[in-house]
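Welcome, and thank you for opening the viewer. Please keep the cartoon view on and follow along one selection at a time.

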Amino acid sequence: MSEFQPSPAVPYSMASLLERFIRYVQVETTADAESQLVPSTPGQLELGRRLVTELTELGIERVSQDAAGVVRGYLPSNARAPESAATLVFNSHVDTAPDCSGRDVKPSILKYQGGDIVLTNGLKIRANETPELSGLVGKTLITTDGNTLLGGDDKAGVAIIMEIAAHLAANPDFPRPNVLFLFTCDEEIGRGVASIDVPALGGTVAYTFDGGGSGVINHATFSANQAVVEFTGVNIHPAIAKDRMVNALRAAGHFLAQLPPEMSPERTEGDEGFVHPYQISGGVASVRLQLILRDFATEKLVQQETLLQNAAERTRAAIPGVQVEVAVVPQYRNMEEGLADEPRAMELAWQAHANLGITPKLEKIRGGTDGSQFTSQGLPTPNLSAGQHNIHSPLEFACLEEMAQAREIGLQLVRLWSREPKCHN
Ligand SMILES: [Zn+2]
């Protein structure tokens, strides 16, 4: 489709990418699922404010941070009339995972020489447990002191996108479509897209930079439903319970025993879906059981729901008097379904890699991303590598050269999309 064109006229030094990344990871932005605040923690607003300042200083237009902490910046197309040009959205999330502390992150930079990496507090990133390390000898890695996560998930993405913004602002002749820079909050607790009016973004396509390593395109995710099963029994003193007590706990046990163990996350991998009971609470009078239903094929979720309804029916028959109600709500959908509506999303992602001599690896995610939410709301959003490794852990590290490559892929996408009209048909 397109000839090979290295983006920068002068070699890119990576120094400002590294400097940005180091700065961003030192802002504590751990998401908090227990919080009712939007965003869930104030540090996300703080990092967002800094991004607003930096985008403004770069000369990006329409820079804003809304009440939910979402930061936007925009550059109109210089290749076509903005009304007829495609709008390319770059997205990453500023929050970090609650699984591991993100307070007082002390990033450490090293040229990787091979072998284990010993962190300041003595923890080791072991080469034999981290197979990708063998491919990173000679590269610049950023680790922590071993007491926190690093936050490369997804401040690597934030730094990559800010560097793309900086390059476009400094090179007004670099051909571009309309470009929207979008930084979201609380992705790690599933609320990244909740506060966003996705159609109002006006995007033709979006790419999240929120993946591991380099050269991977995530083009498929699970489709996901959540189920809540309520068991209602009758409680009465056990002394006088004969023929009167209806024990919701026994009903829940009966129900759970009917779920096929081979359909559990602990027994499935690859393309296989699962039904996963993950939380139970209650007593004799009532029990609330929460499950997640997952499959790459959305229609299989219907079969999973039928499985729950059948288990409920048999539980009612086995425990007379018990009420069992199954409620299922959709969570997100496999992005592959939405990507089919905008074939350019994957074609140009592929081409952007190919232009740099990279054969991308297509990988499915056994989970969801902000991209699955965007895609199901009409904005096709594959996920791209951002140099992340060992995420959500004190053993986390990021690779600077991989981040620089992601920046380069982003610039290729800008160039490729500059030629595209808003609609593909
Ligand atoms: Zn992430």
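Two strands are said to pair if DSSP finds at least two bridges between them. Helices (H or I, at least four residues) and strands (E, at least two) are DSSP runs, numbered from the N terminus. With that in hand, select β7 and β17: they pair in the antiparallel sense over two bridges.

Before going on, two notes on what is on screen. This is a predicted model, in which local features need pLDDT of at least 70 and side-chain atom pairs count only at pLDDT 80 or more, while totals for chains, interfaces and linings use all residues. Residues are numbered from 1 along each chain as its sequence is written.

**The whole chain**

Zoom out to see the protein chain, with its 10 helices and 17 strands. Its radius of gyration (taken over C-alpha atoms) is 24 Å, close to the 22 Å that the globule rule gives for 425 residues, so the chain is as compact as a globular protein of that length. That rule is 2.2 Å times the number of residues to the power 0.38. Along the principal axes, the C-alpha atoms fill a box of roughly 85 × 55 × 40 Å.

A residue is called buried if 20 or more other C-beta atoms lie within 10 Å of its own, exposed if 12 or fewer, and partly exposed in between, with C-beta atoms placed from the backbone. Of the 425 residues, 47% count as buried.

**Two domains**

Now colour residues 15-221 + 334-418 as domain 1 and residues 223-331 as domain 2. These bounds come from an automatic or database domain assignment. The centres of the two domains, taken over C-alpha atoms, are separated by 38 Å. How many residues of domain 1 are in contact with domain 2? Five are, and they meet four residues of domain 2; contact here means C-beta atoms, placed from the backbone, within 7 Å. The touching side of domain 1 has one nonpolar, two polar and two charged residues. In that count, Ala, Val, Leu, Ile, Met, Phe, Trp, Tyr, Cys and Pro are nonpolar, Asp, Glu, Lys and Arg are charged, and the others, Gly among them, are polar.

**Helix α1**

Select residues 15-25, which form α1, and show side chains: Leu17, Arg20, Phe21, Tyr24 and Val25 are buried. They cover an arc of only 120° around the axis, which puts them on the same side of α1; the arc is that of the directions from the helix axis to the C-beta atoms. Turn to the other side of α1 to find Ala15 and Glu19, which are exposed. What covers the buried residues? The cover includes α2 (42-58), β7 (140-143), α3 (152-170), β17 (397-399) and α10 (400-418).

**Back to the strands**

β4 and β7 pair in the antiparallel sense over four bridges. Click Ile109, whose bridge partner in β7 is Ile142. Then follow Ile142 to its bridge partner in β17, Ala398.

**The loop between α1 and α2**

Asp32 is found in this loop. Is Asp32 buried or partly exposed? With 16 other C-beta atoms within 10 Å, Asp32 is partly exposed. Not counting residues up to four places away in sequence, Asp32 touches Ser40, Thr41 and Pro98. Draw a distance from Asp32 to Ile189: they are 157 residues apart in sequence and 7.2 Å apart in space, C-alpha to C-alpha.

Pro39 lies in the loop between α1 and α2 too. The peptide bond from Val38 to Pro39 is cis, with omega near -5°. For another cis bond, go to Asp153 and Asp154, where omega is near 10°; Asp154 is found in helix α3.

Select β12 (residues 274-282) and β13 (residues 286-295), which run antiparallel and are joined by eight bridges. A hairpin links β12 to β13 through three residues, and Gly282 stands opposite Val287 in β13.

Next, pick Asp243 in the loop between β11 (223-232) and α5 (248-257). Its phi is near 65°, a positive value in a residue other than glycine, and with 8 C-beta neighbours inside 10 Å, Asp243 counts as exposed.

Finish at Asn390, in the loop between β16 (383-389) and β17. Asn390 is not a glycine but has a positive phi of about 50°. With 21 C-beta neighbours inside 10 Å, Asn390 counts as buried.

Conventions: Two residues are in contact if their C-beta atoms, placed from the backbone, lie within 7 Å.
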